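Here is a short report on one protein model. Please keep the sequence and the 3D view open while reading.

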Amino acid sequence: MGKLLLLKRNEMKKKDKKLRVPCYTHVTIKDEDDVFYGMTGDISVGGAFVATFDKLPEEGDIRLSFTLPEDRAISIQVNGRVVWLNSKEQPMSGSLPEGFGVEFTGIPQEEISAINEFIEKRSGKEFVSKS
């Protein structure tokens, strides 16, 4: 299973050419069976890294809720898919805490615009997402 996740992560890195910036905000994660909490480490319009405090989700579909740090008015609600895990037992990266990579799979245009604006402010680069 570890090799499969490593291959998926390498695949995602190649596929995800979207600009990614640091983003530290609390996130609520819901999977089929549970609700738990974490903190984002970085974000792009296509996904994020989430460090978890108590457990790692299984690979599959999840729901994330968080607020962008510089815009408290916009709460982001997004569906996603866990695409790789960084666990103590099978670390993907020694430089990252325990957590997971999530690909956003269902995100409304308003939230895409808010994430784009956040990334532009953080990176100093202006871009247009393909939606």
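## Strand pairing

Asp42 stands opposite Phe49 in strand 4. This is a predicted model, in which local features need pLDDT of at least 70 and side-chain atom pairs count only at pLDDT 80 or more, while totals for chains, interfaces and linings use all residues. Residues are numbered from 1 along each chain as its sequence is written, and side-chain values use heavy atoms, with hydrogens and water left out.

The protein chain holds two helices and seven strands. Helices (H or I, at least four residues) and strands (E, at least two) are DSSP runs, numbered from the N terminus. Along the sequence the pattern reads α-β-β-β-β-β-β-β-α.

Strand 3 (residues 35–44) has several partners below. Two strands pair if DSSP finds at least two bridges between them. Strand 1 (residues 21–22) runs antiparallel to strand 3, with two bridges. Here Pro22 has Asp42 of strand 3 as its bridge partner. Strand 2 (residues 26–30) is also antiparallel to strand 3 and is joined to it by five bridges. His26 pairs with Met39 of strand 3. Strands 2 and 3 form a hairpin, with four residues between them.

On to strand 4 (residues 47–52). Six bridges link it to strand 3, again antiparallel. A hairpin of two residues joins strand 3 to strand 4. Ile43 has Ala48 of strand 4 as its bridge partner. Strand 4 also runs antiparallel to strand 7 (residues 99–106), through five bridges. In that pairing, Gly47 stands opposite Glu103 of strand 7.

## Burial and surface

How much of the protein chain is buried? Buried residues make up 44% of its 131 residues. Buried means under 20% relative accessible area, exposed over 50%, and partly exposed in between (1.4 Å probe, protein chains only).

Strand 4 is mostly covered, with six of its six residues buried. Both of its faces are covered. Gly47, Phe49 and Ala51 are buried on one side, and Ala48, Val50 and Thr52 are buried on the other.

The accessible surface of the protein chain comes to about 7700 Å². Carbon and sulfur atoms account for 50% of it. Accessible areas come from the Shrake-Rupley method with a 1.4 Å probe; for residues, only the protein chains shown count as cover.

Val35, Tyr37 and Phe53 form a nonpolar patch on the surface, with about 310 Å² of accessible area together. Patches are made of residues with over 30% relative accessible area and no salt bridge; like charges are joined within 9 Å, and nonpolar side chains (Val, Leu, Ile, Met, Phe, Trp, Tyr) within 5 Å. Phe53 sits in the loop between strand 4 and strand 5 (60–67). Phe53 is exposed, because its relative accessible area is 53%.

## Contacts of Ser65

Ser65 is found in strand 5. Ser65 counts as buried because its relative accessible area is 17%. Its side chain makes a polar contact with the side chain of Gln77, at 2.9 Å. A polar contact is a pair of N or O atoms within 3.5 Å; within protein, one must be able to donate a hydrogen and the other to accept it, and residues adjacent in sequence count only if both atoms are side-chain atoms.

Which residues touch Ser65, leaving aside its neighbours within four places in sequence? They are His26, Val27, Thr28, Ile76 and Gln77. Contact means heavy atoms within 4.5 Å. Across the protein chain, residues 24 or more positions apart account for 56% of the contacts with a separation of 6 or more.

## Salt bridges

Side chains of opposite charge can pair when their charged atoms come close. A search of the whole structure finds three salt bridges. A salt bridge is a side-chain nitrogen of Lys or Arg within 4 Å of a carboxyl oxygen of Asp or Glu.

| Salt bridge | N to O distance |
|---|---|
| Arg20 and Asp42 | 2.8 Å |
| Arg81 and Glu103 | 2.4 Å |
| Glu117 and Lys121 | 3.5 Å |

Arg20 forms its salt bridge with Asp42. Arg20 lies in the loop between helix 1 (2–15) and strand 1 and Asp42 in strand 3, so the pair ties together parts 22 residues apart in sequence. Arg20 is partly exposed, at 35% relative accessible area.

Arg81 meets Glu103 in a salt bridge. Arg81 lies in strand 6 (residues 75–86) and Glu103 in strand 7, so this pair ties together parts that are 22 residues apart in sequence. Arg81 is partly exposed at 31% relative accessibility, whereas Glu103 is buried at 17%.

Glu117 and Lys121 are four residues apart in helix 2 (residues 109–123), so about one helical turn separates them. Glu117 is partly exposed, at 39% relative accessibility.
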